Amino acid sequence: MATKITVRIPQCSACETPFRYKGAEPYLLPCLHPVCADCIGAECETVQCSFCRYSFDKRTIVLPKDHVTEMDILSSTLKLKPSEVTCTNKNHGNSAKTARSWCRNCQAMFCRSCESAHNQVKTSRTHQMLPVRDMKAGGLTPPSALCTDHDQYFLDLYDETCETLICSKCVRSEHKHCVVQELEDAVNVGKSTTKQRKAKLEEKLQEIRKAMTETKTTRENSESSYNDLKTLLSNRFHHIQECLTKREAELQEELDSKHRLNLVDISKINLGLQNVLRKCEDTHDFTEKLLKYGPPSDILMLEKCMKIQTENCLTEDVAGAEVEAMQLSFSKEQMEHLEEVISSIGTTKSDIPSQDKENDKKGSDPALSFDVERINNNKVHVNNKGFLVNSKVSQERKLSQYVGTTTITPLPKDTVSYWEVESDFNVASEMQQHGLLMEIGVARGACLDNSYCMSGQKGSMCLAIAHCYTHKGVCAKIWSNGRKMRCYENVLSTSPGTSDTLRHGLLFDGTRNTLTIFDLNTIAELVTLDTEEQADDLWPVFGAYNSSLAAVQMKLVSGKEIHILKSKTKMLKGAME
């Protein structure tokens, strides 16, 4: 049975209004979604993509014309509303008449009478005409255009240095020192690279769909287990006297609660997979349309943008759902001790250690929070969502030097503490040398406000995200007691308008005086640092810097808010062995 192909007219990613043929022109956002000219011309300073929720500053980016979507609009309109495709020859007053043919050279629609007139003109009688009913995607792209500077020469060369199409005469003049190749060769290379990305995206989509299928199976198993255990619970308590009713209700509530938490976790994972699926599908679809409709110039001009968006898709985490497997166990005692047994009979268990159990193993691991009473509000602030943001709200300097804050209390002694930090970055401008964006770690109380950052100070152990002179990009730098220990290359894009999220875990072992830092995006241990001497008061520190380079938003996750998966549990146990 043939697969039914759904045809729809593209819509603006900002106002979500469907495009109309010969209506507001489409432009291309860095996320590869189209936006109409009306939204670009609006008075607001930013335009937000409703598909991926990214915001772009119209003052700092130049949006190219989206010829791919323009051709997609035409192709979709021809299939869905062919009567709306009318004659474009306004000189003959036939703009209300339905188009009969398409001139590939003029990129124009003609009715019957205008087609006849067009074919009688000497300069246009050799143009490539195509009946509207026979139009296909490949026939919509224009042939080689003439050079605007040398109107007798075709634009049949590509200048790699200037990234533009030129003619053979341009090479001998202003482009004689540039790297030039045949347009066809350059397009073939561009198509080959784009096809490779498309193949990788197809593999990624298969991986996502497989994870979503596994998540669905996990949910069904959880439902089945829940129903079986619910029946078992009811049967076990059926023969117990009235004194057990209260305990039955307590266990029922506990079981329901665990089941609800499982469903919430599964739903969150499934929602995340859906978002990754949509992002990859959108990029895959645009890649396919670029290969299908895109003129040579767009295939070449969008090379960098396509590479960034594809790499973002390919690095998305698509792990399936892992939830607690629910169980019930019962303890039987002699009937004469029934009243004593009632308060302890039955308990729910899970295969994956809960956060409370992990806390029991590690010792006291209370929830941590940013200290809003000790913060440099002239540089950073904690917003109403509880996130640390690198922008000021007042001139008040509760910390006179340090551009950040600490937790409310220091780390407890002789215990193991674990917390996580999620940091969102929106790059505003090209990174500068030594540009520091954020840092996390621990520091002695004596050096908390000695400088604007902790990275180079003795008595501190930190991970800093900053521009690296050696690697010419943004790296993750490890500092310990004033010395740089290690550098992880290019963890963030340096292109303005891009967004990314870094997730890190920090495990402080107060019994061994070590700090282990994890990359939670890859579930990998980065480094374990040793304090050189015992410290009486070590504080978690959080710094956010240089809002002119990037907007930084930092979330602190600790205690019961930490989502423990099998892979993360294995990673933590390995660090503590």
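1. Strand β16 (residues 404–407) runs antiparallel to β25, and three bridges join the two; strands are taken as paired if DSSP finds at least two bridges between them. Within this pairing, G404 has G543 of β25 as its bridge partner. Helices (H or I, at least four residues) and strands (E, at least two) are DSSP runs, numbered from the N terminus.

2. The model is predicted, so that local features need pLDDT of at least 70 and side-chain atom pairs count only at pLDDT 80 or more, while totals for chains, interfaces and linings use all residues. Residues are numbered from 1 along each chain as its sequence is written, and side-chain values use heavy atoms, with hydrogens and water left out.

3. Strand β25 (residues 538–544) is also joined to β18 (residues 436–444), by seven bridges and again in an antiparallel arrangement, with M438 standing opposite A544.

4. Seven of the seven residues of β25 are buried, that is, under 20% relative accessible area, with exposed meaning over 50% and partly exposed in between (1.4 Å probe, protein chains only). L538, P540, F542 and A544 point one way from the strand, W539, V541 and G543 point the other way, and all are buried.

5. In helix α11 (residues 566–576), the buried residues K568, T569, M571, L572 and A575 lie on the same side because they cover an arc of only 160° around the axis, the arc being that of the directions from the helix axis to the C-beta atoms. On the other side of α11, K566 and K570 are exposed.

6. E373, in strand β13 (residues 370–375), counts as exposed because its relative accessibility is 59%.
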